[in-house]
Amino acid sequence: MRWTRRLRLCTAGLVTASALFALPTAHAAEPRDGRLTDLVNPFIGTENEGNTYPGAAVPFGMVQFSPDTGHNTGYDHSQNHVRGFSLVHLSGVGCGLGGDLPVLPTTGDVTRTDDAQYAAEFGHDTEEAHPGFYRADLKSGIEAELTATARTGVQRYTFPATDKANVLLNAGQSLHRTVSTKVEILDNRTVRTAITGSGFCQATKPYTVYTITRFDRPFTTAGTWNGDTVTGARVAAGTTGRTGAFVRFDTTEDRTVEATTALSYVDARGAAVNLRSEGGRSFDEVREAARRAWEDRLGDVRAQGGTDALRRTFYSSLYRSFLAPNIGSDADGRYTGWDQRIHRAKGFTYYQNWSLWDTYRTQSQLLALLAPREARDMAISVIKIDEESGWLPKWGYGMAETNIMTGDPVTPFLTNAYQQGLLKGAGGYAERAYRALKKNADGVPSADSPAVGREANREYIANGFAPYIKGRPHAKPGDSDYDHGASVTLEYALSDAVLGEMARELGHDEDAARYLARSQNYRAIHDPSTGFFRARDATGAFTGPVDPAQSVGFHEGTAWQYQWLVPQDLPGMIGMIGGKQAANDRLDSFFAYGQLLRDPAKTAREVWVNGPYAYYNADKYNPQNEPDLIAPYTYLSTGQPWKTTDVVHAALTLFTDAPTGMTGNDDLGTMSAWNVLSSIGIFPVQPGYDTWGLSTPVFERVDLTLDRRYYPLGALTVTAPGTSDTDRYIQSAHVDGSSYGRTYLTTHTLRRIHAIRFTVGAEPSQWGTAASAAPPVLK
């Protein structure tokens, strides 16, 4: 099947509210034969620090085969030189990691070994990307094409006629720091490498990636390099500098070279097992299989209505939501655990890569809804991390803890899996998860553990808050909870609330009472003199600037932005700041609501968002970062639910179908999942629990195909006939034909219904304004 080439937009201007529903077609025509993959633009987010990648991957695949242009995280659409096509990338991360084994086709003699020097120029006008496929025309006259299976990357290079067609395999240069490398040319078709890396996201504990690359025909000659020296040696190894291999082909007649590279985090045998299991097919066969895999995954969500551009941004977000976490076990089930020992997964697939501070708020809930079998295995994998290494993860890459970000994100991640019914059945995983979470909630990892866990837990448990201690030396690499005591207190309290609910449901009543009481600790950092949350020092005194728009004590945010991170007890928080009217006034100021009504998109782009990393010293909503992603849904608890729709729809204008169309780092699908859920009109307003807030969908109809193992009816339809940028206010709601007045659903209800129908209009209504309509309190 032939893939047509399309011109990709490289720039994006402001998007007005009406333009959200009327953007011109830019990247794709109507999908061929209903193919949803034609609506996905993998280039979205590849500029302006969205940090996505356009390369080839299958859902949750171990391999992400993508070009690296020199950007910290891999690819930047504004750059036009590719240093290599490497095997490992994470969508939307903010620090350099992955980029293992960049491979690049060249012609002529091999004289340079630094990928910055031999980088190949290419143009974006003929560059092409689809789910599971990437291609680029290099200015050297070489066409490069990439596709992937779960554990292999498959490449096809079409060279000009030459007897010096090379493929360079660079083992020594990655996006993170390499510690040691080994390259072996095994025979005239096969190259094997072992790459040990470190330094990713500040973590120091290394891990090793093993690869084996098999070409579809013999090469005429080959060699290796170590540093700047290129030789005919069959083996190269080093602990510093550059190592790699080149293989050469005669393409004077047969101009095409194909190769399959298998990856393993276990050992060389694991890479060989993966090659035997998933290799052996032609490039076109693998590409078509990858496309079908994505069609199956995207086909579980069928959206009707809206413009082509709206559907492209939606399906592109849905696509990115399924890129991670990633398979970590080999085809034979073996994986390397966080204890650096080899284990075998039995009855589940082992996954890795955990950006939990981000994903616990949106993506984990979306996966529980649309991919519950995989989400179950992901939760089991996190439980295994505790059982094998002694502690739960905070931000894990491969089999190493980075300790990036703060708080206790693993608790709502696992309690969400429990609340979504993913831990039921054989294996006793609910109790195993609970034991790990209880240990995490009540203690601190030992000094010899790489994990920091709840680093400020002793003070939090003793005094009711995590202190902000300026300049305190970090005990371990990564972030420290003591640097962000105010926001950490809020994060711990949320985790205590959802853990308390889990404890109660499992019959651990004393634990439940203790955790739910601790969930009120958010009150300890409320400063009555300012009316806002504020950091406290080790003595208990409020510290830092009085102005709540300053960031002291808050991680990537301010007191304004963290004000609303009390989803377990919004009525309590609202009471502390003076009641519903005071809360609505503060929310209106926070969202610049008056300006928003006049020009939603301009407000989003000029008032809310002030740069890709503008997290600090602001009194306005920041939809490009995680701390206040739930904030628009606070209006569901203040009696003004129509304002949730106003704010959400304004924020959705930030997602466009151009390379600049991602709002901030995607953070392994966090922002993409926010877009998907908010577009459908159901959103997890109490992360870690089972509450889904309701707002007006942007599509007239969305049909969800659900796994019958977890959702007995196997389908859910959400409709909002006539929804638009003008008719966006819910007048009434019906669930399976019965009138529904609450602003939320529970997972229990969601599993047992077939249809949610919204009637919409041009003016706000009384729907959802009763006090009984608001999401519940966890206590």
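Q: How many helices and strands are there in the chain?
A: Helices (H or I, at least four residues) and strands (E, at least two) are DSSP runs, numbered from the N terminus. Here the chain holds 20 helices and 36 strands. The radius of gyration, taken over C-alpha atoms, can be set beside a globule rule of 2.2 Å times the number of residues to the power 0.38. The chain has 26 Å, close to the 28 Å that this rule gives for 779 residues, so it is as compact as a globular protein of that length.

Q: What should I keep in mind about the model itself?
A: It is a predicted model, in which local features need pLDDT of at least 70 and side-chain atom pairs count only at pLDDT 80 or more, while totals for chains, interfaces and linings use all residues. Residues are numbered from 1 along each chain as its sequence is written, and side-chain values use heavy atoms, with hydrogens and water left out.

Q: What share of the residues counts as buried?
A: Buried means under 20% relative accessible area, exposed over 50%, and partly exposed in between (1.4 Å probe, protein chains only). Of the 779 residues in this chain, 68% count as buried. The C-alpha trace spans about 80 × 55 × 50 Å along its principal axes.

Q: How do I read contacts in the chain?
A: Contact means heavy atoms within 4.5 Å. Among the contacts with a separation of 6 or more, 70% are made by residues 24 or more positions apart.

Q: In what order do the 6 strands of the open sheet lie?
A: Two strands pair if DSSP finds at least two bridges between them. The order is E19-E31-E32-E36-E33-E34, and the pairing is mixed. At the edges stand E19 (301-304) and E34 (738-739), each with a single partner strand, so one side of each is left without a neighbour in the sheet. For a parallel pair, look at E32 (residues 715-719) and E36 (residues 755-761), which are joined over 3 bridges. There, Thr717 stands opposite Ala755 in E36.

Q: How many residues of strand E10 are buried?
A: In E10 (residues 165-170), 6 of the 6 residues are buried, so the strand is largely enclosed by the rest of the structure. E10 pairs with E4 (residues 103-107) in the antiparallel sense over 5 bridges, and Ala165 of E10 is the bridge partner of Thr107. E10 also runs antiparallel to E17 (residues 243-249), with 6 bridges between them. In that pair, Leu169 has Ala245 in E17 as its bridge partner.

Q: Why do the buried residues of helix H15 line one face?
A: An α-helix has 3.6 residues a turn, so residues three or four places apart point the same way. In H15 (residues 580-590), the buried residues are Ala583, Asn584, Arg586, Leu587 and Phe590. Seen down the axis, they fall within an arc of 165° (taken from the directions from the helix axis to the C-beta atoms), so they line one face of the helix. They pack against strand E28 (532-533) and helices H13 (559-562), H14 (570-576) and H17 (600-608). After H15 comes Ala592, whose phi is positive, near 50°.

Q: Which residues of helix H12 are buried, and which are exposed on the other side?
A: In H12 (residues 509-518), Asp511, Ala512, Tyr515, Leu516 and Arg518 are buried. Their arc around the axis is only 155°, which puts them on the same side of H12. Asp509, Glu510 and Ala513 are exposed on the other side. The cover over the buried residues includes helices H9 (429-442), H10 (457-463) and H11 (485-505).

Q: Where does Asn353 lie, and with which side chain does its own side chain make a polar contact?
A: Asn353 sits in the loop between strand E23 (351-352) and E24. With 5% relative accessibility, Asn353 counts as buried. A polar contact is a pair of N or O atoms within 3.5 Å; within protein, one must be able to donate a hydrogen and the other to accept it, and residues adjacent in sequence count only if both atoms are side-chain atoms. The side chain of Asn353 makes such a contact with the side chain of Asn326 (2.8 Å). A polar atom of the Asn353 side chain also lies 2.9 Å from the backbone nitrogen of Gly398.
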